[in-house]
Amino acid sequence: MAQRIYVGNLPYAATEDEVETLFAAYGEVLAVALPTDRETGRARGFGFVEMSDSEAAQAIEGVNGTEFGGRTLNVNEARPRENRGGGRGGYGRYDDRR
């Protein structure tokens, strides 16, 4: 079974290939995703790596706290995304439209 790993404090210039290479030292990397800002297209400074369960645990322990591109990485098991809907049809919190 695959496990998703959260990788925080990534340099904004990091590429998916560089992150894959970093984690490949601990086993097969199934997927890498580095989200970008919708408006600017710039990297957001974090990402996700998917590996098998046994390899993911070793990778988290091995990579967490290491330096990458001049930044200290924060690596842990990814938590499920919280529902951010708000129930107002997608409008902003203070939007008066109904």
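How much space lies in the largest cavity? About 30 Å³. I will come back to its lining after a word on confidence.

This is a predicted model. The mean pLDDT of the protein chain is 88, with 84% of its residues at 70 or more. The stretch to set aside is residues 91-98, where pLDDT stays under 50 and the model has 5 contacts beyond four places in sequence. Where pLDDT is low, the predicted coordinates should not be read in detail.

Back to the cavity. Searching the whole structure for cavities of 30 Å³ or more turns up 1. Its lining consists of Leu10, Pro11, Tyr12, Ala14, Leu34, Ala43, Gly45 and Phe46. Sorted by class, that lining has 7 nonpolar residues, 1 polar residue and no charged ones.

Phe46 first. Tyr6, Phe46 and Phe48 make up one aromatic cluster. The count of aromatic pairs in the model is 3. For Phe46 and Phe48, the ring centres are 5.9 Å apart and the planes stand at 85°; the cut-off for edge-to-face is over 60 degrees, so this pair is edge-to-face. Phe48 has a relative accessible area of 18%, and since buried means under 20%, Phe48 is buried.

Now Tyr12. Which charged ends sit over the ring of tyrosine 12? One is that of arginine 42, 5.1 Å from the ring centre. Another is that of arginine 71, at 5.4 Å from the centre. So much for the rings.

Note on methods:
Residues numbered from 1 in each chain as written. Predicted model: local features only at pLDDT ≥ 70, side-chain atom pairs only at ≥ 80, totals over all residues. Heavy atoms only, no water. pLDDT = per-residue confidence, 0-100. Contact = heavy atoms within 4.5 Å. 1 Å grid on protein atoms, 1.4 Å probe; cavity = no way out; pocket = protein on both sides within 12 Å on 5 of 7 lines; lining within 4 Å. Points joined across faces, edges and corners; volume = space filled by probe spheres on them. Nonpolar A, V, L, I, M, F, W, Y, C, P; charged D, E, K, R; others polar. Phe/Tyr/Trp six-rings, centres within 6.5 Å; stacked < 30°, edge-to-face > 60°. Buried < 20%, exposed > 50% of the residue type's maximum accessible area, 1.4 Å probe, protein only. Lys NZ or Arg CZ within 6 Å of the ring centre and 35° of its normal.
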